[in-house]
Amino acid sequence: FQAPFHFAPQAQYMTGTCWSFGATSYMESEVKRITGAEVKLAELYPVYWEYVEKAREYIHTRGGSAFSEGSQMNAVTRMYALHGAVPLEAYKGVTEPDGRHDHQRLYREMSDYLAHVKHVNRWDEDLIIKHIRDILDRHLGAPPQTFLFKGKSYTPESFLKTVLRIDPDAYIQFMSTSREPMWSQAEFAVTDNWWHDATYWNVPLEDFYALVPAAVQAGFTVGIGGDVSEPGKVPELDIAFIPSWDIPSEYIDQAAREYRIWNHSTGDDHGVHLVGYKRLADRDWFLIKDSGRSARKGKHEGYYFFRDDFIKLKMLTIMVHKDVAKALLEKIRANRPKPAE
């Protein structure tokens with residue numbers, strides 16, 4: 001694989017934060033593409049603020065909003081827009097002596113506290129957020145307000161703008177589902193989209209899939225999420241494909257994909273960074289950088305090779321820079337449903 005720049009895979013260990021590890025890796029590749037600089041970013045900085053915002057929404061909905069470890073990859077760009085970004089050297093996000101992330105106790109303390117708040121029906125936002133941040137500070141460390149990077153002082157906001165030169169609004173999401181009108185924006189209706197983001201462009205499977213190899217061939221990488229709890233994923237061999245006894249590859253179409261979404265055999269459970277593409281033996285293969293534990297069982301630690309049929313049937317969302325999706329966005333504009341008069 002002739003892969004665009006990316007840092008070596010990082011393990012998420014005992015956390016449910018694949019969305020941040022995948023999207024942070026994606027942003028590192030974007031920084032290299034945009035600025036030429038190689039900057040290792042803090043995966044746990046967006047996680048810290050994501051928990052704060054989840055708790056805030058839990059308060060606003062009086063316990064009706066999901067509070068879990070999971071989220072979507074575009075939560076990272078959302079947190080960047082709200083709180084900026086920091087390099088890994090400024091925020092490790094772990095207080096364990098061995099440096100390994102373990103959020104089991106962290107999550108239990110926060111969820112138990114919020115369950116108590118709901119039970120006693122005491123919704124003092126300032127007090128609750130303070131307690132949540134106290135728990136986060138104890139387990140992850142307090143995020144920096146200012147820090148030094150290469151001898152200069154930055155805030156997270158100035159670092160994002162002047163060093164990384166990342167515009168969070170430049171990143172867009174695509175999905176492909178018959179549940180929503182094609183060529184329109186809609187909510188990606190999964191629990192991890194806890195803030196009900198409805199900016200996903202819904203496009204036919206053919207266009208959804210075609211964007212992936214086109215992006216990598218153009219020198220971009222891709223953030224991608226979907227279902228990896230599948231018998232065709234073989235960690236010991238670093239591969240993921242669709243077995244013929246599930247469905248022969250040539251029969252994968254919009255209906256086959258939608259049927260599996262409908263019966264919940266396809267769900268949203270993992271976010272990864274797609275960093276390479278190769279055509280081999282008349283099939284498309286994709287190099288996947290993966291923070292999950294199973295990616296460390298094979299020969300290529302931290303990587304998988306996804307075959308084209310696995311992307312088509314089991315991957316649910318794509319995040320890319322808008323510049324690589326210009327042709328698809330033009331197609332959306334041409335086909336977008338006209339509003340009712």
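**Close-up views of a predicted model**

View 1. Leaving out neighbours within four places in sequence, V320 has contacts (heavy atoms within 4.5 Å) with Y26, A170, Y171, I172, F174, L211, V222 and A325. The model is a predicted one, in which local features need pLDDT of at least 70 and side-chain atom pairs count only at pLDDT 80 or more, while totals for chains, interfaces and linings use all residues. Residues are numbered from 1 along each chain as its sequence is written, and side-chain values use heavy atoms, with hydrogens and water left out. V320 belongs to the largest nonpolar core, which has 93 residues and in which L164, F174, F306 and V320 touch the most other members; such a core is a set of buried Ala, Val, Leu, Ile, Met, Phe, Trp, Tyr and Cys residues joined through side-chain atoms within 4.5 Å. Helix α2 (residues 44-60) gives this core its largest share, 10 residues. A second, separate core has 6 residues, including M175, F188, I261 and L316.

View 2. Helices (H or I, at least four residues) and strands (E, at least two) are DSSP runs, numbered from the N terminus. Helix α4 (residues 104-120) has 17 residues and reaches 24 Å from its first C-alpha to its last, close to the 24 Å expected at 1.5 Å a residue, where the expected span is 1.5 Å times one less than the number of residues. Within α4, L106, M110, Y113, L114 and V117 are buried, a class that means under 20% relative accessible area, with exposed over 50% and partly exposed in between (1.4 Å probe, protein chains only). Seen down the axis of α4, the buried residues fall within an arc of 95°, so they line one face of the helix; the arc is that of the directions from the helix axis to the C-beta atoms. The cover over these buried residues includes α2 and α5 (125-140), and just after α4, N121 takes a positive phi of about 60°.

View 3. The whole structure holds 19 aromatic pairs, counted where ring centres of Phe, Tyr and Trp (its six-membered ring) lie within 6.5 Å, with planes under 30 degrees apart taken as stacked, over 60 as edge-to-face and the rest as tilted. The ring centres of F5 and F7 are 5.0 Å apart and their planes stand at 75°, so this pair is edge-to-face. F149 and F159 also form an edge-to-face pair, 5.1 Å centre to centre with 75° between the planes; F149 lies in strand β1 (residues 147-149) and F159 in helix α6 (residues 156-164), 10 residues apart. F149 is buried at a relative accessible area of 8%, and F159 is buried at 0%. Ring pairs link F147, F149, Y154 and F159 into a cluster.

**View 4. Lysine charges over aromatic rings.** The charged end of K32 sits over the ring of F5, 5.7 Å from its centre, under a criterion that places NZ of Lys or CZ of Arg within 6 Å of the ring centre and within 35 degrees of the ring normal. F5 is partly exposed, at 21% relative accessibility. K312 lies over the face of Y209, at 4.8 Å from the ring centre.

**View 5. Positive phi values in two loops.** K150, in the loop between β1 and β2 (152-154), has a phi near 50°, a positive value in a residue other than glycine, and is exposed with a relative accessible area of 73%.  R165, in the loop between α6 and β3 (171-175), has a phi near 55° and is partly exposed at 47%.
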